[in-house]
Amino acid sequence: MKQLIEHRLEVAEHNLEEVKSQEHAHPETVRALEVRIQELRDILKELERMEGI
């Protein structure tokens, strides 16, 4: 599970870089990716916390 989340995070970060490098990046797309990245980071933190219990 953790590996899947890490992979999705890497993909989302890559996609954000690609979108931001476009000449006319759509602000809603950028924001949606930023939210997705934060959600995935939060999930990873929670998984790591649960592993430590």
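Q: Is Lys2 buried, partly exposed or exposed, and at what relative accessibility?
A: The model is a predicted one. Burial is judged by relative accessible area: buried means under 20%, exposed means over 50%, and partly exposed lies in between. Lys2 has 25% relative accessibility, so it counts as partly exposed.

Q: Where is Lys2 placed, and with which residues is Lys2 in contact beyond its neighbours within four places in sequence?
A: A contact here means heavy atoms within 4.5 Å. Lys2 belongs to helix H1. Once neighbours within four places in sequence are set aside, Lys2 is in contact with Leu44, Leu47, Glu48 and Glu51. As for Glu48, 46 residues separate it from Lys2 in sequence, while their C-alpha atoms are 8.5 Å apart in space.

Q: How many helices and strands does the protein have?
A: The protein has 2 helices and 0 strands.

Q: What share of the contacts with a separation of 6 or more comes from residues 24 or more positions apart?
A: Among contacts with a separation of 6 or more, 64% are between residues 24 or more positions apart.

Q: Which residues form the largest nonpolar core?
A: A nonpolar core joins buried nonpolar residues through side-chain atoms within 4.5 Å. The largest one has 10 residues: Ile5, Leu9, Ala12, Leu16, Val19, Val30, Leu33, Ile37, Leu40 and Leu44. At least two residues of this core come from each of helix H1 (2-21) and helix H2 (27-51).

Q: What radius of gyration does the protein have, and what would a compact globule of 53 residues have?
A: The protein has a radius of gyration of 13 Å, whereas a compact globule of 53 residues would have one near 10 Å. Along the principal axes, the C-alpha atoms fill a box of roughly 45 × 15 × 10 Å.

Q: What percentage of the residues is buried, and what percentage of the accessible surface belongs to carbon and sulfur atoms?
A: Of the 53 residues, 19% count as buried. The accessible surface is about 4,300 Å², and carbon and sulfur atoms contribute 51% of it.

Key
Residues are numbered from 1 along each chain as its sequence is written. This is a predicted model: local features need pLDDT of at least 70, side-chain atom pairs count only at pLDDT 80 or more; totals for chains, interfaces and linings use all residues. Side-chain values use heavy atoms; hydrogens and water are left out. The radius of gyration is taken over C-alpha atoms; the globule rule is 2.2 Å times the number of residues to the power 0.38. Buried means under 20% relative accessible area, exposed over 50%, partly exposed in between (1.4 Å probe, protein chains only). Accessible areas come from the Shrake-Rupley method with a 1.4 Å probe; for residues, only the protein chains shown count as cover.
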